[in-house]
Amino acid sequence: MRMTEAPTHSILLAEDDEAMRVYLERALANAGYSVDSVDRGTAALPLLEEGSYDLLLSDIVMPEMDGIELAQKCNEVSPHTKVMFITGFAAVTLKASREQPHAKVLSKPFHLRDLVLEVERVLEEKVSARL
């Protein structure tokens, strides 16, 4: 009997701060996820249209297109993709919760372990919803 590995979940990371983006991408890859990362929402949109992502992990405050607008577009072009926000602004968290009630919001600063646990939790909801 051959052991097969479980398919890797794919994550699209949209974060305009380069240091934070590299940090998060490395942490998620180390946790076993396939990660594509972009520095703005407008760069994430074509990837969502072409690819199949399990999770959009997006900063809320970004140039050109903020994370909330990106999440709304994601809901249109890739409705199966879960959305999770990261932000350093408390007021923005409230707006995100109103605009995207099903999205998880993680406030900066956070520990990488907390990020990975939240990502696992969000993706588990998707898996159990399919069963």
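**Figure 1. Ile11 and the residues that it touches in the predicted model.** Ile11 touches Leu28, Tyr33, Ser34, Val35, Asp36, Tyr53, Leu55, Leu57 and Val119, not counting residues up to four places away in sequence. Contact here means heavy atoms within 4.5 Å. Ile11 lies in strand 1 (residues 10–14). Helices (H or I, at least four residues) and strands (E, at least two) are DSSP runs, numbered from the N terminus. The relative accessibility of Ile11 is 0%, so Ile11 counts as buried. Buried means under 20% relative accessible area, exposed means over 50%, and partly exposed lies in between (1.4 Å probe, protein chains only). Ile11 and Arg26 are 15 residues apart along the chain, and their C-alpha atoms are separated by 12 Å.

This is a predicted model, in which local features need pLDDT of at least 70, side-chain atom pairs count only at pLDDT 80 or more, and totals for chains, interfaces and linings use all residues. Residues are numbered from 1 along each chain as its sequence is written, and side-chain values use heavy atoms, with hydrogens and water left out.

Figure 2. Arg26 is found in helix 1. Its relative accessible area is 52%, so Arg26 is exposed. Arg26 and Glu50 are 24 residues apart in sequence. In space, C-alpha to C-alpha, Arg26 and Glu50 are 23 Å apart. Val22 also has its place in helix 1, which spans residues 18–30. Val22 counts as partly exposed because its relative accessibility is 34%. Val22 and Phe110 are 88 residues apart in sequence, yet 15 Å apart in space, C-alpha to C-alpha.

**Figure 3. Helix 2 and helix 3.** Two packed helices are described by the angle between their axes and the distance between the axes. The axes of helix 2 (residues 41–50) and helix 3 (residues 67–77) come within 10 Å. They cross at roughly 10°. The axes are lines fitted to C-alpha atoms, for helices over the stretch in contact, and angles run from 0 to 180 degrees between N-to-C directions. Helix 2 and helix 3 are therefore roughly parallel to each other. Angles under 35 degrees count as roughly parallel, over 145 as roughly antiparallel, 65 to 115 as roughly perpendicular and the rest as oblique. On the helix 2 side are Gly41, Ala44, Leu45, Leu48 and Glu49. They meet Leu70, Lys73, Cys74 and Val77 in helix 3. The residues of this contact divide into six nonpolar, one polar and two charged. Ala, Val, Leu, Ile, Met, Phe, Trp, Tyr, Cys and Pro count as nonpolar, Asp, Glu, Lys and Arg as charged, and the others, Gly among them, as polar.

Figure 4. Most residues other than glycine have a negative phi, and most peptide bonds are trans. Glu64 is not a glycine, but has a positive phi of about 70°. Glu64 sits in the loop between strand 3 (55–59) and helix 3. With a relative accessible area of 57%, Glu64 is exposed. The peptide bond from Lys108 to Pro109 is cis, with omega near -5°. Pro109 is placed in the loop between strand 5 (104–107) and helix 5.

**Figure 5. Leu112 in helix 5.** Leu112 belongs to helix 5 (residues 112–130). Its relative accessible area is 21%, so Leu112 is partly exposed. Leaving aside neighbours within four places in sequence, Leu112 is in contact with Tyr23, Leu24 and Ala27. Leu112 and Ser97 are 15 residues apart in sequence and 22 Å apart in space, C-alpha to C-alpha.

**Figure 6. The whole chain, for context.** The secondary structure comes to five helices and five strands. Along the sequence, the pattern reads β-α-β-α-β-α-β-α-β-α. The C-alpha atoms fill a box of roughly 55 × 30 × 25 Å, taken along the principal axes. Of the 131 residues, 42% are buried. Among contacts with a separation of 6 or more, 63% are between residues 24 or more positions apart.
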